[in-house]
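This report describes the fold of one protein chain, from its overall dimensions to single residues. Please keep the sequence and the structure at hand while reading.

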Amino acid sequence: MNVRVKGLLILLVFAVAVFYSLPTYQAYQPGVDPQQHPNRVNLGLDLQGGMYLDIEIKVEEAVKETVSRTAQELEDLLLDNYVKFVEVRQENNIIILEMEKGETVNLTESPYDRLLVQFTPTDQPNNRTTLTLLPEELTRIQENAITQALEVLRNRIDSLGVSEPTLQRQGDNSIIIQLPGLKDRSQAIELIGPQAVLEFRIVNDDATPAAYNRYTEVVRYEEIRDPITQEVLSRNPYVLSKEVLLTGEYIRDARVRFDQQTNQPYVSLSFDSIGADRFAKLTERNQGKRLAIVLDDKVQSAPVIREKIGGGEASISGQFTTEEAGNLSIVLRSGSLPAPIEIREERTVGASLGEDSVEQGLTSLLLGGLLVLIFMMIYYRLAGVFAAFALVFNLLLIIAVLGGVGATLTLPGMAGIVLTTGMAVDANVLIFQRIREELAKSNNLRSSINEGFDRAFKTILDANVTTLFAALALLQFGTGPIKGFAVTLSLGILSSMFTAIVVTRFFFEMIYLNRKQLKAISI
């Protein structure tokens, strides 16, 4: 390739590298909000501080809920088939079915064939059957609970606007969450914590909490809070139908609205087509009754159904502040957690620690790089200047790519950059030493330069390709900090090969090989 064309291409790449590196430089200037610069390198939790959460998913509650739902379906099956039974009772994860003598029920079809395994009828005094979960079904429910919880939590955290959050499963029932740069801890806890199980049930105003049918009804409470302090002042009981007429799984959207008369915020819901159809039918069939909107077993409101409500629109009103209503709408949009969660460990990495980490990391990087550059320029003279420019070019390329894709830089990632910087210096040293060896054997300067680059190229290629394979393996199978290290190492290898082989050689071609008469080279 012509030297002039090669020079223009290198200049173009350099300009692009500077362009994409600039937002990162601007974003981390004192007094600047990094969020204003979208194409920047994000700093990880260990560099800028933030929140660390170790969350336990109560998978046993997901299992219990599945068993409870199956027991309810079994009871409905008995009623639909006119089977005379004494009771369907749940004890932990076991369903006890007691039918009158001589009564039978088919439990070979879905979902009973899939969920339950023990069938041990006895004759005295009634037909008593004990039903438990299949071991593989138990494992499947627990695994699904973790997978679904990861997805729901990721959706909720995305709504916080945190750049590059990390959610990682740990063990059988834990999820580790890292939120770099998060400052509003209370909002994060409020968003992550709620299980957000939304249910619509009919209120039985004729029953009281002291006298209600325990087989068909349940009691739930509405919390009355102080409008200023939000302290719970009292709890109003409601007797609700055990049957859940509609759940939050059909929610398409949830938004904060304001009552035009009271200016109080409320959450407006819109259902998908299936949810809208079910909501229209339930409001048509229960006109004149009160419909309780229950969120996480707490009654939010219980308005009277005046008429059929079509269009799939509903609302949740309560003593919400605007912020609470906003958080509730986010939680409902992201879906409900399959099981309750418990925050086992919460750590907030202070800003001062993050700043110290950044400062120490940058100082070590700059000091080490400066010493290397000085050594190269002293030991290899003008060739060392070429190597110094290639080294700076290499760093700009890495930062530009990281910023362009919005990657997150952690301390292990910085270690990867330092390592590749050293590899870039090694590549230039290898080239220069090969040229010196050729100069010692021959007085042909042009041939020595070309031979030095050609001989060094194979060695550099072999060394970098094997390291690149190792980095790609870390990227594929590693997690968290290891992945960050692998990303910067991979990028650094590619950019160092470009700068050492292409950019450094370009300087030799432009300064020496392009001359008509070459008498000496500075190396």
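A residue is called buried when its relative accessible area is under 20%, exposed when it is over 50%, and partly exposed in between (1.4 Å probe, protein chains only). The model is predicted: local features need pLDDT of at least 70 and side-chain atom pairs count only at pLDDT 80 or more, whereas totals for chains, interfaces and linings use all residues. Residues are numbered from 1 along each chain as its sequence is written, and side-chain values use heavy atoms, with hydrogens and water left out.

**The whole chain**

The protein chain contains 13 helices and 18 strands; these are DSSP runs numbered from the N terminus, with helices (H or I) of at least four residues and strands (E) of at least two. Its radius of gyration is 34 Å, while a compact globule of 523 residues would have a value near 24 Å. The radius is taken over C-alpha atoms, and the globule rule is 2.2 Å times the number of residues to the power 0.38. Along the principal axes, the C-alpha atoms fill a box of roughly 110 × 60 × 40 Å.

Of the 523 residues, 43% count as buried. A contact is defined as heavy atoms within 4.5 Å. Among contacts between residues at least 6 apart in sequence, 68% join residues at least 24 apart.

**The nonpolar cores**

A nonpolar core is a set of buried Ala, Val, Leu, Ile, Met, Phe, Trp, Tyr and Cys residues joined through side-chain atoms within 4.5 Å. In soluble globular proteins, nonpolar side chains tend to be buried together. The largest core in this chain has 45 residues, of which Ile57, Leu74, Leu97, Ile177, Leu179 and Ile192 touch the most other members. Among the elements that give two or more residues to this core are strand 2 (50–57), helix 3 (59–80), strand 7 (174–180) and helix 8 (322–334). The largest share, eight residues, comes from helix 5. Apart from this core lies another, of 43 residues, including Ala17, Leu373, Phe386 and Ile460.

Leu179 illustrates the packing: beyond residues up to four places away in sequence, its contacts include Leu45, Met51, Ile157 and Ile192. Met51, in turn, lies in strand 2. Is Met51 buried or exposed? Met51 is buried, because its relative accessible area is 1%. With residues up to four places away again not counted, Met51 touches Leu179, Arg185, Glu346 and Thr348, among others. The C-alpha atoms of Met51 and Ser442, which are 391 residues apart along the chain, are separated by 63 Å.

**Residues with greater accessibility**

Gln26 is found in helix 1 (residues 3–27). Gln26 counts as partly exposed because its relative accessibility is 33%. Leaving aside neighbours within four places in sequence, Gln26 is in contact with Val32 and His37. Between the C-alpha atoms of Gln26 and Phe498, 472 residues apart along the chain, the separation is 26 Å.

Most residues other than glycine have a negative phi.

| Residue | Phi | Loop between |
|---|---|---|
| Asn263 | about 60° | strand 12 (251–258) and strand 13 (265–271) |
| Arg381 | about 55° | helix 9 (351–380) and helix 10 (382–404) |

Asn263 counts as exposed because its relative accessibility is 54%. Arg381, with a relative accessible area of 46%, is therefore partly exposed.
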